[in-house]
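Subject: Structure handed over, with notes

Hello,

Here is the structure we talked about. Please open it beside this email and follow along.

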Number of protein chains: 2
Amino acid sequence: MQAPLIPMAAACRQAARQLARLDSGRKNAVLLAIADALEANTDDILEGNEMDLDTGRSNGLSQAMLDRLLLNPERIRGIANAVRAIAAQSDPVGRIRQLETMPSGIQVGRMRVPLGVIGIIYESRPNVTVDAAALCLKAGNAVILRGGSEAFHSNQALAGIVQDVLQAHDLSAACVTTLPTTDRELVNEMLQLEAYIDVIIPRGGEGLIRHVVANSRIPVIKHYKGVCHLYAHADADIDKLLPLVINGKVQRPGVCNALETLLVHESVARQHLPAICSALQKQGVEIRGCEISQSLCEGILPASESDWEAEYLSLILAVRVVKDYDEAVEHISRYGSQHTEVIVTESLDTAQHFLRDVDASVVIVNASSRFSDGGELGLGAEIGISTSKLHSYGPMGVEALTTEKFVVLGHGETRP
Amino acid sequence: MQAPLIPMAAACRQAARQLARLDSGRKNAVLLAIADALEANTDDILEGNEMDLDTGRSNGLSQAMLDRLLLNPERIRGIANAVRAIAAQSDPVGRIRQLETMPSGIQVGRMRVPLGVIGIIYESRPNVTVDAAALCLKAGNAVILRGGSEAFHSNQALAGIVQDVLQAHDLSAACVTTLPTTDRELVNEMLQLEAYIDVIIPRGGEGLIRHVVANSRIPVIKHYKGVCHLYAHADADIDKLLPLVINGKVQRPGVCNALETLLVHESVARQHLPAICSALQKQGVEIRGCEISQSLCEGILPASESDWEAEYLSLILAVRVVKDYDEAVEHISRYGSQHTEVIVTESLDTAQHFLRDVDASVVIVNASSRFSDGGELGLGAEIGISTSKLHSYGPMGVEALTTEKFVVLGHGETRP
């Protein structure tokens, strides 16, 4: 099985060189043509998708999994529109910042350039196939896609349409390469191709990501989990606090930017925690609290050490009363996952300190943790999220798929 | 031997949290105090250095190695002044760029933050101990230093002075941690501490770097070698070209930004290559050329495939005549090391294409390859250079030791 991967990856690297030189106008024309082709070939996509759904039903996939897998004309239109939105974004490639003249006389700047070849390993949502391909193309990168086996035929249909458009525009189909089978061994082989792939972005559960990190010789952009806190400072405005807690926990509990722990300053707790807990409980939230919160509110279960570490991804919230700001920041530092942390405060000074003191990829003052999302943060589409600091930290859009090189303009200067 | 490393690394991570919150004024005060203390304790440093020199002489180190190891009052003053220059640089930490209001009403920006704990593994120059510590402190990072065994006592003396100053300023000595012995096994243990160290920067020969990359579970910023080209385009101005070729090859042939291959457009070759080669030969440069260049010039040895790949680091230059721009760019793409590439041209259009088309961390028009250096590019001091694209590409200064997180300022916004 090793034979086919190296030539495929080599063709992809060659294609990346072609893409790196492409101007914005041509890249956008290709993206718009991809969007149109997806809509025009809806029947072919649905045919592949039906095969995956049949297999999924026979294999007893859950209704939730089948729903993630399902495509229909409306969802395909949504995928096409996401590609159009990526085409409409500004192109970072070639942008030069900070062109300055040095004492030697040379002018020095930084130019944004593509990364090269991106490897994306993801689970069953077929829309990721097109999103990832479009974001990589926009940033001038080639991509090797390895989607989940449940969506194999859907992904092949979608990628096939993208490849046809690339070829119709005199580009190599290898710009968007898909692995030929869903053999798991191929993933491990892909992770050894450091001569061809510049970075691996795994999207999926913690198990997938740990497997990729443990086996990859290529740099990996990783995101294990989101244990997000909201800290209600002594001067929190209850009219902001209550909606932010409810929104953070209840609006979509199964995602990584949902709240998992509420930290409450003791003065706020005495005054408002009973009303907050009661409002949460009315929304069906189970609360696991420290001793003080148990003494203040009804129906709270005792929290254990494991609750402070938990990413519930469900309607459970851990609650802890803290005596001051420092204790809250210390708790976040100990149990947080560097994903998203929120403070509710009316004090500019406290807000400024929190923004500096808390080490997380997204730090929020007086807004819901649910805003920690590429779209809401202004990135347009999102290729993934990084909770480690190298290269990129937080949600990643087109710019995170590029890097900067130095450019120097001289007039014949030599070094003495 | 495993026992001591984990508590040391844990103390260093704890110290990093302290440093991350330090304001610029205090960081600069510490740096200036370090510079003063280095000069005030010159005798202690020279004592440690004398021990290393004695051992080096008994072990038969070359004169060049002994010279790299040697410290004297003037060199110590130079090290102290480098620290003062780092103190004088602007502090990237806390800088917020691009604060924009989103349709939801939240304001979103990016704030520069320290990386955390930097691991530096380097060979025998003792000045790296102080340079690296000062750059990491400036960027708010703690650092674990593992210097070469030849400089062990010099490094311990220098780091000891730095640690005394840190403690005198109520900071943990663990902000600048040195490994307690030069046991090579400790390096391998250090490379497993991904829970404590955020990034490893190896500085040294290709062998050291390959060892670190192969054995590290921590992301590595790497720089294997510099196979730098100068391409003389058809319209090159000979009055610029000749000095740039001589300067690139001869001024300091043993460093990574020296020229290794000269590519000459055939029209320039016919007119000027004999004079260029003769000028190089007068400077003692051995020339290995393609068939056309051999036919045009005297005293050129035939180049083989391995010459196009060679990083000579000595007074040897490979020369190849190319028929056009595309052939030159193709040669660079095939044999270059993504370090530094130079074009000499009078055409704005050709210069613009070269800047875009050539994939290297530093791309230069009409200036010497020798400008590819942190100081010359305006970074102040340099902690290393990256020829891979993740996180940083090219010479790395203080900013490359930081990353950006998202900061969000709201007014109570929730997501619908």
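Predicted model: local features only at pLDDT ≥ 70, side-chain atom pairs only at ≥ 80, totals over all residues.

Domains first. Chain A is assigned two of them. Domain 1 covers residues 2-222 and 394-408, so look for it in two pieces of the sequence. Domain 2 covers 228-376. The centres of the two domains of chain A, taken over C-alpha atoms, are 35 Å apart.

Now the interface. Here 57 residues of chain A are in contact with 57 residues of chain B. Several elements of chain A each supply at least two residues to this side, among them helix H1 (2-20), helix H10 (238-250) and strand S2 (107-114). The largest share comes from S16(A), with eleven residues. By type, the side of chain A that touches chain B has 25 nonpolar, 17 polar and 15 charged residues. Why do the copies meet through the same surface? Because 100% of the interface residues of chain A are also interface residues in chain B.

To find the spot, look for A:Glu413, which stands opposite B:Ala367 in S13(B).

That pairing is part of an open sheet of ten strands with mixed pairing. The order is S1(A)-S2(A)-S16(A)-S13(B)-S12(B)-S7(B)-S8(B)-S11(B)-S9(B)-S10(B). Strand S1 (96-101) of chain A and strand S10 (301-302) of chain B stand at the edges. Each has a single partner strand, so one side of each is left without a neighbour in the sheet. Within chain B, strands S9 (residues 286-289) and S11 (residues 316-322) run parallel and are joined by four bridges. There, B:Glu286 has B:Ile316 in S11(B) as its bridge partner.

Last, the core. The largest nonpolar core holds 265 residues. Which of them touch the most other members? They are A:Val83 and B:Val83. Leaving out residues up to four places away in sequence, A:Val83 touches A:Leu31, A:Ile34, A:Ala35, A:Val130 and A:Ala134.

Best wishes

Methods. Residues numbered from 1 in each chain as written. Chains lettered and ligands numbered in written order. Contact = placed C-beta atoms within 7 Å. Nonpolar A, V, L, I, M, F, W, Y, C, P; charged D, E, K, R; others polar. Pairing = 2+ DSSP bridges. Core = buried A, V, L, I, M, F, W, Y, C linked by C-beta atoms within 7 Å. Buried ≥ 20, exposed ≤ 12 C-beta atoms within 10 Å, placed from the backbone.
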